[in-house]
Amino acid sequence: MSDYTPKPENKFTFGLWTVGNIGRDPFGGPVRDAKSPADLVRLLGEVGAYGVNFHDNDLIPIDATPSERDAILKDFKKALADTGVVVPMATTNLFSEAIFKDGAFTSNDSKVRAYALQKTMNAIDLGVELGAKIYVFWGGREGTESDATKDPISAIKRSREAMNFLCEYALDKKYDLKFALEAKPNEPRGDIYNSTTGHMLAFINTLDHPEMVGVNPEVAHEHMAGLNFVHGVAQAMESGKLFHIDLNDQAFGRYDQDFRFGAVNLKSAFFLVKLLEDNKYDASRHFDAHAYRTEDYEGVKDFARGCMRTYLILKEKAAQWNADKEIQSIVAEINASDGSMDQYFGKYSTAKANALKAQAFDRNAIAGRGLKYERLDQLTNEVLLGVR
Ligand code: GCO
Ligand code: MN
Ligand code: MN
(Lines give C-alpha, C1' and ligand atoms only; values in the text may rest on other atoms or scores of the structure.)
(Ligands and ions follow the chains in the order given, each with its own letter.)
Protein backbone atom coordinates (compact mmCIF):
# COMPACT_ATOMS: atom_id res chain seq x y z
CA MET A 1 0.00 0.00 0.00
CA SER A 2 1.45 3.34 -1.02
CA ASP A 3 1.56 6.56 0.89
CA TYR A 4 -1.21 8.85 -0.28
CA THR A 5 -0.31 11.72 2.04
CA PRO A 6 -0.54 15.05 0.17
CA LYS A 7 2.81 16.82 -0.21
CA PRO A 8 3.54 20.49 -0.99
CA GLU A 9 4.89 19.48 -4.43
CA ASN A 10 1.43 18.14 -5.33
CA LYS A 11 0.21 21.77 -5.12
CA PHE A 12 -3.25 20.77 -3.93
CA THR A 13 -5.34 23.88 -3.32
CA PHE A 14 -8.92 24.67 -2.30
CA GLY A 15 -10.95 27.87 -2.42
CA LEU A 16 -12.33 29.50 0.72
CA TRP A 17 -15.65 29.08 -1.09
CA THR A 18 -15.18 25.30 -1.45
CA VAL A 19 -14.47 24.03 2.06
CA GLY A 20 -16.38 27.09 3.28
CA ASN A 21 -19.50 26.17 1.30
CA ILE A 22 -22.39 26.12 3.79
CA GLY A 23 -24.63 23.93 1.69
CA ARG A 24 -27.12 26.48 0.42
CA ASP A 25 -28.88 25.44 -2.79
CA PRO A 26 -31.80 26.84 -4.83
CA PHE A 27 -34.23 24.78 -2.73
CA GLY A 28 -32.87 25.21 0.77
CA GLY A 29 -30.80 27.31 3.11
CA PRO A 30 -27.49 26.58 4.79
CA VAL A 31 -26.84 23.27 6.55
CA ARG A 32 -23.45 24.23 8.03
CA ASP A 33 -22.43 27.27 10.07
CA ALA A 34 -20.10 29.67 8.28
CA LYS A 35 -16.46 29.55 9.36
CA SER A 36 -14.09 32.52 9.24
CA PRO A 37 -11.39 32.60 6.53
CA ALA A 38 -8.73 31.99 9.21
CA ASP A 39 -10.58 28.91 10.50
CA LEU A 40 -10.90 27.58 6.95
CA VAL A 41 -7.14 27.97 6.49
CA ARG A 42 -6.65 25.94 9.70
CA LEU A 43 -8.99 23.26 8.38
CA LEU A 44 -6.98 23.12 5.14
CA GLY A 45 -3.75 22.93 7.10
CA GLU A 46 -5.17 20.02 9.10
CA VAL A 47 -6.06 17.98 5.98
CA GLY A 48 -2.69 18.67 4.34
CA ALA A 49 -3.60 21.10 1.56
CA TYR A 50 -0.84 23.26 0.07
CA GLY A 51 -2.80 26.36 -0.74
CA VAL A 52 -5.94 28.42 -0.36
CA ASN A 53 -7.54 30.62 -3.03
CA PHE A 54 -10.26 33.21 -2.62
CA HIS A 55 -12.60 35.68 -4.23
CA ASP A 56 -12.16 39.20 -2.84
CA ASN A 57 -15.43 38.95 -0.89
CA ASP A 58 -14.77 35.43 0.47
CA LEU A 59 -12.06 37.13 2.47
CA ILE A 60 -13.29 40.71 2.92
CA PRO A 61 -17.08 41.17 2.93
CA ILE A 62 -18.13 43.79 0.40
CA ASP A 63 -19.37 46.19 3.09
CA ALA A 64 -16.49 45.70 5.55
CA THR A 65 -15.18 48.85 7.22
CA PRO A 66 -11.42 49.54 6.99
CA SER A 67 -10.92 48.35 10.56
CA GLU A 68 -12.91 45.15 9.94
CA ARG A 69 -10.80 44.58 6.85
CA ASP A 70 -7.58 45.02 8.82
CA ALA A 71 -8.74 42.59 11.53
CA ILE A 72 -9.74 39.91 9.00
CA LEU A 73 -6.47 40.26 7.11
CA LYS A 74 -4.46 40.05 10.32
CA ASP A 75 -6.20 36.81 11.38
CA PHE A 76 -5.93 35.35 7.88
CA LYS A 77 -2.21 36.12 7.60
CA LYS A 78 -1.62 34.62 11.03
CA ALA A 79 -3.45 31.42 10.04
CA LEU A 80 -1.33 31.22 6.87
CA ALA A 81 1.87 31.68 8.87
CA ASP A 82 0.81 29.14 11.53
CA THR A 83 -0.17 26.44 9.04
CA GLY A 84 2.26 27.07 6.16
CA VAL A 85 -0.70 27.21 3.77
CA VAL A 86 0.02 29.60 0.85
CA VAL A 87 -2.12 31.69 -1.53
CA PRO A 88 -1.32 30.75 -5.15
CA MET A 89 -4.45 32.19 -6.81
CA ALA A 90 -7.05 34.89 -6.29
CA THR A 91 -10.14 35.99 -8.17
CA THR A 92 -12.98 38.51 -8.14
CA ASN A 93 -16.57 37.92 -7.23
CA LEU A 94 -18.34 39.48 -10.22
CA PHE A 95 -21.56 37.52 -9.77
CA SER A 96 -23.14 37.68 -6.30
CA GLU A 97 -24.08 41.35 -6.04
CA ALA A 98 -27.30 42.58 -7.66
CA ILE A 99 -25.33 45.12 -9.69
CA PHE A 100 -23.99 42.15 -11.70
CA LYS A 101 -27.43 40.71 -12.49
CA ASP A 102 -26.80 41.26 -16.22
CA GLY A 103 -23.05 40.72 -16.27
CA ALA A 104 -19.94 42.64 -15.29
CA PHE A 105 -17.48 43.28 -18.14
CA THR A 106 -20.18 42.58 -20.74
CA SER A 107 -23.03 44.52 -19.15
CA ASN A 108 -24.86 46.97 -21.40
CA ASP A 109 -24.53 49.54 -18.60
CA SER A 110 -21.20 51.41 -18.72
CA LYS A 111 -21.43 52.12 -14.95
CA VAL A 112 -21.57 48.39 -14.26
CA ARG A 113 -18.63 47.77 -16.59
CA ALA A 114 -16.58 50.51 -14.92
CA TYR A 115 -17.46 49.25 -11.43
CA ALA A 116 -16.43 45.71 -12.46
CA LEU A 117 -13.02 47.00 -13.57
CA GLN A 118 -12.60 48.98 -10.36
CA LYS A 119 -13.60 45.99 -8.20
CA THR A 120 -11.20 43.73 -10.11
CA MET A 121 -8.24 46.13 -9.77
CA ASN A 122 -8.83 46.27 -5.99
CA ALA A 123 -9.16 42.49 -5.84
CA ILE A 124 -5.94 42.04 -7.83
CA ASP A 125 -4.15 44.30 -5.31
CA LEU A 126 -5.49 42.16 -2.47
CA GLY A 127 -4.53 38.88 -4.16
CA VAL A 128 -1.00 40.08 -4.94
CA GLU A 129 -0.58 41.35 -1.37
CA LEU A 130 -1.24 37.79 -0.17
CA GLY A 131 1.11 36.16 -2.67
CA ALA A 132 -1.10 35.15 -5.60
CA LYS A 133 0.73 34.62 -8.90
CA ILE A 134 -2.34 33.50 -10.85
CA TYR A 135 -5.50 35.53 -11.18
CA VAL A 136 -8.63 33.69 -12.36
CA PHE A 137 -11.48 35.21 -14.32
CA TRP A 138 -14.76 33.33 -14.24
CA GLY A 139 -17.51 35.37 -15.82
CA GLY A 140 -20.49 33.65 -14.26
CA ARG A 141 -22.94 36.42 -15.14
CA GLU A 142 -21.42 37.28 -18.54
CA GLY A 143 -24.25 35.93 -20.64
CA THR A 144 -27.92 36.10 -21.43
CA GLU A 145 -31.26 34.40 -21.02
CA SER A 146 -32.44 36.00 -24.28
CA ASP A 147 -30.25 37.21 -27.11
CA ALA A 148 -32.70 40.06 -27.60
CA THR A 149 -31.03 41.65 -24.58
CA LYS A 150 -27.37 41.97 -25.53
CA ASP A 151 -25.44 42.11 -28.77
CA PRO A 152 -23.07 39.10 -28.71
CA ILE A 153 -20.41 40.85 -30.83
CA SER A 154 -20.38 43.83 -28.45
CA ALA A 155 -20.14 41.40 -25.53
CA ILE A 156 -16.99 39.84 -27.00
CA LYS A 157 -15.49 43.26 -27.70
CA ARG A 158 -16.28 44.43 -24.15
CA SER A 159 -14.68 41.28 -22.69
CA ARG A 160 -11.55 41.94 -24.77
CA GLU A 161 -11.41 45.57 -23.74
CA ALA A 162 -11.67 44.59 -20.06
CA MET A 163 -8.93 41.96 -20.31
CA ASN A 164 -6.63 44.34 -22.19
CA PHE A 165 -7.19 47.04 -19.57
CA LEU A 166 -6.49 44.65 -16.68
CA CYS A 167 -3.36 43.21 -18.31
CA GLU A 168 -2.04 46.76 -18.64
CA TYR A 169 -2.98 47.40 -15.01
CA ALA A 170 -0.93 44.41 -13.82
CA LEU A 171 2.01 45.47 -16.02
CA ASP A 172 1.74 49.07 -14.84
CA LYS A 173 1.87 47.88 -11.22
CA LYS A 174 4.78 45.54 -12.06
CA TYR A 175 2.90 42.62 -10.59
CA ASP A 176 4.29 39.12 -11.19
CA LEU A 177 0.86 37.88 -12.22
CA LYS A 178 -0.72 35.81 -14.96
CA PHE A 179 -4.38 35.58 -15.81
CA ALA A 180 -6.35 32.34 -16.28
CA LEU A 181 -9.76 32.43 -17.98
CA GLU A 182 -12.37 29.91 -16.88
CA ALA A 183 -15.16 28.91 -19.24
CA LYS A 184 -18.57 27.57 -18.29
CA PRO A 185 -21.47 26.97 -20.70
CA ASN A 186 -24.35 28.02 -18.42
CA GLU A 187 -25.35 28.51 -14.74
CA PRO A 188 -26.04 30.98 -13.37
CA ARG A 189 -26.89 32.52 -16.78
CA GLY A 190 -29.00 30.73 -19.36
CA ASP A 191 -25.94 30.86 -21.64
CA ILE A 192 -22.49 32.25 -20.82
CA TYR A 193 -20.18 33.79 -23.46
CA ASN A 194 -16.90 32.04 -24.34
CA SER A 195 -18.60 28.87 -23.13
CA THR A 196 -15.79 26.31 -23.37
CA THR A 197 -12.02 26.16 -22.92
CA GLY A 198 -11.69 26.01 -26.71
CA HIS A 199 -13.60 29.30 -27.04
CA MET A 200 -11.32 30.86 -24.42
CA LEU A 201 -8.17 29.70 -26.21
CA ALA A 202 -9.35 31.35 -29.41
CA PHE A 203 -10.32 34.53 -27.53
CA ILE A 204 -6.91 34.78 -25.82
CA ASN A 205 -5.17 35.00 -29.20
CA THR A 206 -7.09 38.22 -29.90
CA LEU A 207 -5.79 40.03 -26.78
CA ASP A 208 -3.05 42.67 -26.67
CA HIS A 209 -0.98 40.55 -24.24
CA PRO A 210 -1.80 36.93 -25.05
CA GLU A 211 1.44 35.82 -23.33
CA MET A 212 -0.01 36.90 -19.94
CA VAL A 213 -3.25 35.00 -20.34
CA GLY A 214 -4.03 31.28 -20.20
CA VAL A 215 -6.96 29.10 -19.19
CA ASN A 216 -8.39 27.54 -16.05
CA PRO A 217 -10.45 24.61 -17.34
CA GLU A 218 -12.91 22.93 -14.95
CA VAL A 219 -13.99 19.29 -15.19
CA ALA A 220 -17.65 20.01 -14.40
CA HIS A 221 -17.94 22.85 -16.88
CA GLU A 222 -16.75 20.85 -19.89
CA HIS A 223 -18.88 17.89 -18.79
CA MET A 224 -21.94 20.15 -18.52
CA ALA A 225 -21.27 20.98 -22.19
CA GLY A 226 -21.03 17.25 -23.00
CA LEU A 227 -17.34 17.52 -23.89
CA ASN A 228 -14.29 15.36 -23.29
CA PHE A 229 -12.36 17.24 -20.59
CA VAL A 230 -9.09 15.41 -21.23
CA HIS A 231 -9.07 16.60 -24.85
CA GLY A 232 -9.73 20.22 -23.87
CA VAL A 233 -6.97 20.18 -21.26
CA ALA A 234 -4.58 18.57 -23.75
CA GLN A 235 -5.25 21.37 -26.22
CA ALA A 236 -4.56 23.96 -23.53
CA MET A 237 -1.34 22.19 -22.47
CA GLU A 238 -0.10 21.75 -26.00
CA SER A 239 -0.46 25.46 -26.63
CA GLY A 240 1.30 26.37 -23.36
CA LYS A 241 -1.90 27.82 -21.89
CA LEU A 242 -2.74 25.55 -18.97
CA PHE A 243 -2.06 28.06 -16.18
CA HIS A 244 -4.42 26.54 -13.59
CA ILE A 245 -7.00 23.75 -13.36
CA ASP A 246 -10.29 23.31 -11.45
CA LEU A 247 -10.77 19.67 -10.46
CA ASN A 248 -14.14 18.31 -9.40
CA ASP A 249 -16.70 15.93 -10.86
CA GLN A 250 -20.09 16.00 -12.44
CA ALA A 251 -22.56 13.63 -14.09
CA PHE A 252 -23.17 14.52 -17.73
CA GLY A 253 -26.42 16.32 -18.46
CA ARG A 254 -26.96 17.58 -14.89
CA TYR A 255 -26.92 20.93 -13.13
CA ASP A 256 -23.60 22.23 -11.79
CA GLN A 257 -22.89 19.56 -9.18
CA ASP A 258 -19.34 20.37 -7.97
CA PHE A 259 -18.73 16.88 -6.59
CA ARG A 260 -15.51 15.60 -5.02
CA PHE A 261 -12.80 14.88 -7.61
CA GLY A 262 -13.31 11.38 -9.04
CA ALA A 263 -16.77 10.96 -7.48
CA VAL A 264 -18.52 10.18 -10.79
CA ASN A 265 -16.25 9.56 -13.79
CA LEU A 266 -13.25 7.71 -12.41
CA LYS A 267 -11.93 6.63 -15.77
CA SER A 268 -11.84 10.11 -17.26
CA ALA A 269 -10.32 11.35 -13.97
CA PHE A 270 -7.61 8.69 -14.47
CA PHE A 271 -6.79 9.86 -18.00
CA LEU A 272 -6.78 13.47 -16.79
CA VAL A 273 -4.32 12.75 -13.98
CA LYS A 274 -2.20 10.69 -16.39
CA LEU A 275 -2.17 13.59 -18.88
CA LEU A 276 -1.15 16.12 -16.21
CA GLU A 277 1.51 13.89 -14.65
CA ASP A 278 2.97 12.49 -17.90
CA ASN A 279 3.37 16.05 -19.18
CA LYS A 280 4.78 17.38 -15.90
CA TYR A 281 2.05 19.94 -15.21
CA ASP A 282 3.39 21.90 -12.28
CA ALA A 283 0.85 24.61 -11.44
CA SER A 284 -1.88 24.33 -8.79
CA ARG A 285 -4.23 21.36 -8.70
CA HIS A 286 -7.20 23.28 -7.39
CA PHE A 287 -10.28 21.42 -6.17
CA ASP A 288 -13.24 23.62 -7.06
CA ALA A 289 -15.87 21.45 -5.44
CA HIS A 290 -17.72 21.15 -2.19
CA ALA A 291 -18.96 18.54 0.25
CA TYR A 292 -22.42 17.04 -0.11
CA ARG A 293 -25.15 18.98 1.66
CA THR A 294 -25.51 16.03 4.03
CA GLU A 295 -22.16 16.71 5.70
CA ASP A 296 -20.97 18.46 8.84
CA TYR A 297 -17.38 19.81 9.03
CA GLU A 298 -15.99 16.31 9.63
CA GLY A 299 -17.61 15.43 6.30
CA VAL A 300 -16.05 18.53 4.73
CA LYS A 301 -12.65 17.21 5.81
CA ASP A 302 -13.53 13.78 4.37
CA PHE A 303 -14.45 15.57 1.14
CA ALA A 304 -11.15 17.50 0.98
CA ARG A 305 -9.03 14.49 1.92
CA GLY A 306 -10.95 12.41 -0.63
CA CYS A 307 -10.16 14.82 -3.49
CA MET A 308 -6.43 14.69 -2.79
CA ARG A 309 -6.30 10.97 -2.03
CA THR A 310 -8.13 10.04 -5.22
CA TYR A 311 -5.73 12.22 -7.22
CA LEU A 312 -2.71 10.50 -5.65
CA ILE A 313 -4.18 7.01 -6.16
CA LEU A 314 -4.84 7.82 -9.82
CA LYS A 315 -1.31 9.17 -10.14
CA GLU A 316 -0.02 5.84 -8.87
CA LYS A 317 -2.32 3.99 -11.30
CA ALA A 318 -0.96 6.12 -14.16
CA ALA A 319 2.58 5.10 -13.25
CA GLN A 320 1.44 1.46 -13.10
CA TRP A 321 -0.17 1.81 -16.56
CA ASN A 322 3.04 3.30 -17.93
CA ALA A 323 5.09 0.41 -16.49
CA ASP A 324 2.73 -2.43 -17.45
CA LYS A 325 4.56 -4.62 -20.00
CA GLU A 326 1.46 -5.89 -21.79
CA ILE A 327 -0.08 -2.41 -22.01
CA GLN A 328 3.17 -0.93 -23.25
CA SER A 329 3.68 -3.64 -25.85
CA ILE A 330 0.25 -2.83 -27.30
CA VAL A 331 1.01 0.90 -27.16
CA ALA A 332 4.31 0.28 -28.98
CA GLU A 333 2.60 -1.92 -31.55
CA ILE A 334 -0.20 0.52 -32.37
CA ASN A 335 2.28 3.37 -32.78
CA ALA A 336 4.87 1.36 -34.72
CA SER A 337 6.00 2.53 -38.15
CA ASP A 338 8.30 0.86 -40.70
CA GLY A 339 9.59 4.31 -41.67
CA SER A 340 8.47 3.98 -45.28
CA MET A 341 6.22 7.03 -45.03
CA ASP A 342 8.69 9.31 -43.21
CA GLN A 343 9.69 10.92 -46.51
CA TYR A 344 6.19 12.46 -46.78
CA PHE A 345 5.93 14.14 -43.39
CA GLY A 346 7.42 17.31 -41.98
CA LYS A 347 7.88 20.50 -43.92
CA TYR A 348 6.02 20.83 -47.19
CA SER A 349 7.80 20.85 -50.55
CA THR A 350 6.48 20.56 -54.10
CA ALA A 351 8.65 17.48 -54.63
CA LYS A 352 7.21 15.85 -51.51
CA ALA A 353 3.66 16.59 -52.59
CA ASN A 354 4.30 15.16 -56.05
CA ALA A 355 5.94 12.03 -54.65
CA LEU A 356 3.05 11.50 -52.23
CA LYS A 357 0.51 11.89 -55.03
CA ALA A 358 2.33 9.13 -56.93
CA GLN A 359 2.49 6.72 -53.94
CA ALA A 360 0.27 3.63 -54.19
CA PHE A 361 -1.74 2.59 -51.08
CA ASP A 362 -3.36 -0.81 -50.47
CA ARG A 363 -6.35 0.61 -48.62
CA ASN A 364 -7.90 -2.72 -47.74
CA ALA A 365 -4.67 -4.20 -46.40
CA ILE A 366 -4.09 -1.15 -44.21
CA ALA A 367 -7.69 -1.15 -42.95
CA GLY A 368 -7.67 -4.91 -42.35
CA ARG A 369 -5.35 -4.67 -39.36
CA GLY A 370 -7.05 -5.07 -35.94
CA LEU A 371 -5.96 -2.40 -33.50
CA LYS A 372 -6.31 -4.26 -30.16
CA TYR A 373 -8.11 -1.31 -28.58
CA GLU A 374 -10.58 -3.66 -26.84
CA ARG A 375 -7.72 -5.42 -25.09
CA LEU A 376 -5.97 -2.14 -24.26
CA ASP A 377 -9.08 -0.60 -22.76
CA GLN A 378 -9.90 -3.73 -20.76
CA LEU A 379 -6.35 -3.76 -19.37
CA THR A 380 -6.86 -0.12 -18.39
CA ASN A 381 -10.06 -1.06 -16.56
CA GLU A 382 -8.24 -3.87 -14.78
CA VAL A 383 -5.50 -1.50 -13.62
CA LEU A 384 -8.21 0.80 -12.29
CA LEU A 385 -10.14 -2.04 -10.67
CA GLY A 386 -7.00 -3.17 -8.87
CA VAL A 387 -6.71 -6.69 -10.28
CA ARG A 388 -3.41 -6.21 -12.15
C1 GCO B 1 -18.55 27.99 -10.58
C2 GCO B 1 -17.10 28.36 -10.87
C3 GCO B 1 -16.46 29.13 -9.77
C4 GCO B 1 -15.11 29.71 -10.19
C5 GCO B 1 -14.63 30.66 -9.17
C6 GCO B 1 -13.22 31.12 -9.42
O7 GCO B 1 -19.05 27.13 -11.28
O8 GCO B 1 -19.15 28.59 -9.70
O9 GCO B 1 -16.41 27.17 -11.10
O10 GCO B 1 -16.31 28.32 -8.64
O11 GCO B 1 -14.17 28.71 -10.38
O12 GCO B 1 -15.49 31.76 -9.17
O13 GCO B 1 -13.20 32.15 -10.28
MN1 MN C 1 -17.73 25.46 -11.43
MN1 MN D 1 -14.33 26.80 -11.14
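Biologist: Over how many bridges do β4 and β6 pair?

Modeller: Please keep in mind that this is a predicted model. One position of the pairing is Tyr135, which stands opposite Phe179 in β6. The two strands, β4 and β6, pair in the parallel sense, and the number of bridges is five.

Biologist: Which residue in β4 is the bridge partner of Thr91?

Modeller: β4 also pairs with strand β3, residues 89-91, in the parallel sense over three bridges. β3 and β4 belong with helix α5 (residues 110-129) to a right-handed β-α-β unit. In β4, the bridge partner of Thr91 is Val136.

Biologist: How many of the five residues of β4 are buried?

Modeller: Ile134, Val136 and Trp138 point one way from β4, and these are buried. Tyr135 and Phe137 point the other way and are buried as well. β4 is thus mostly covered, and the number of its buried residues is five.

Biologist: What is the volume of the largest cavity?

Modeller: The count of cavities of 30 Å³ or more comes to two. The second largest cavity holds about 50 Å³ of space. For the largest cavity the volume is about 220 Å³.

Biologist: Which residues that line the largest cavity are the closest to its centre?

Modeller: The lining of this cavity has 17 residues. At least two residues each are supplied by β4 (134-138), α6 (152-172), β6 (178-182) and α7 (197-204). By class, the lining has three polar, three charged and eleven nonpolar residues. The closest to the centre are Phe105, Gly139, Glu142, Ser159 and Met200.

Biologist: Which element gives the largest share of the lining of the second largest cavity?

Modeller: The residues that line this cavity include Val219, His223, Asn265, Ser268, Ala269 and Leu272. By class, the lining divides into five nonpolar, five polar and one charged. Two elements, α8 (219-224) and α10 (266-278), each supply at least two residues. The largest share, three residues, comes from α10.

Biologist: Which residues lie nearest the centre of the largest pocket?

Modeller: About 1,600 Å³ of space lies in the largest pocket. The pocket is lined by 46 residues, and those nearest its centre are Trp17, Asn21, Arg24, Asp258 and His290.

Biologist: Which element supplies the largest share of the lining of the largest pocket?

Modeller: The lining of the largest pocket has 18 nonpolar, 14 polar and 14 charged residues. The elements that give two or more residues to this lining are α1 (16-19), α2 (37-47), β3 and β4. The largest share, three residues, comes from α1.

Biologist: Which residue in β10 is the bridge partner of Phe14?

Modeller: Phe12 and Phe14 point one way from strand β1 (residues 12-15), Thr13 and Gly15 point the other way, and all are buried. β1 and strand β10 (residues 285-287) pair in the parallel sense over three bridges. In β10, the partner of Phe14 is Phe287.

Biologist: Which residue in β2 is the bridge partner of Thr13?

Modeller: Strand β2 covers residues 51-55 and runs parallel to β1, with three bridges joining the two. In β2, the partner of Thr13 is Gly51.

Biologist: How far apart do the manganese ion (ligand 2) and the manganese ion (ligand 3) lie?

Modeller: The manganese ion (ligand 2) is coordinated by Glu218 through OE and by His221 through NE2, at 2.1 to 2.2 Å. Glu218 is buried, and so is His221. Glu218 bridges the manganese ion (ligand 2) and the manganese ion (ligand 3), and the distance between these ions is 3.7 Å.

Biologist: Is Lys317 buried or exposed?

Modeller: Lys317 has its place in helix α11, residues 297-323. Its relative accessible area is 15%. Buried means under 20% relative accessible area. Because the relative accessible area of Lys317 is 15%, Lys317 is buried.

Biologist: How far apart in space are Lys317 and Ile153, C-alpha to C-alpha?

Modeller: In sequence, Lys317 and Ile153 are 164 residues apart. In space, C-alpha to C-alpha, the separation of Lys317 and Ile153 is 45 Å.

Definitions and conventions
Residues numbered from 1 in each chain as written. Chains lettered and ligands numbered in written order. Predicted model: local features only at pLDDT ≥ 70, side-chain atom pairs only at ≥ 80, totals over all residues. Heavy atoms only, no water. Donors = N, O, S within 2.8 Å, 3.2 Å for Na, K, Ca; no water. Buried < 20%, exposed > 50% of the residue type's maximum accessible area, 1.4 Å probe, protein only. 1 Å grid on protein atoms, 1.4 Å probe; cavity = no way out; pocket = protein on both sides within 12 Å on 5 of 7 lines; lining within 4 Å. Points joined across faces, edges and corners; volume = space filled by probe spheres on them. Helix = DSSP H or I, 4+ residues; strand = E, 2+ residues; numbered from the N terminus. Nonpolar A, V, L, I, M, F, W, Y, C, P; charged D, E, K, R; others polar. Pairing = 2+ DSSP bridges. Right-handed = clockwise from strand over helix to strand, strands pointing away.
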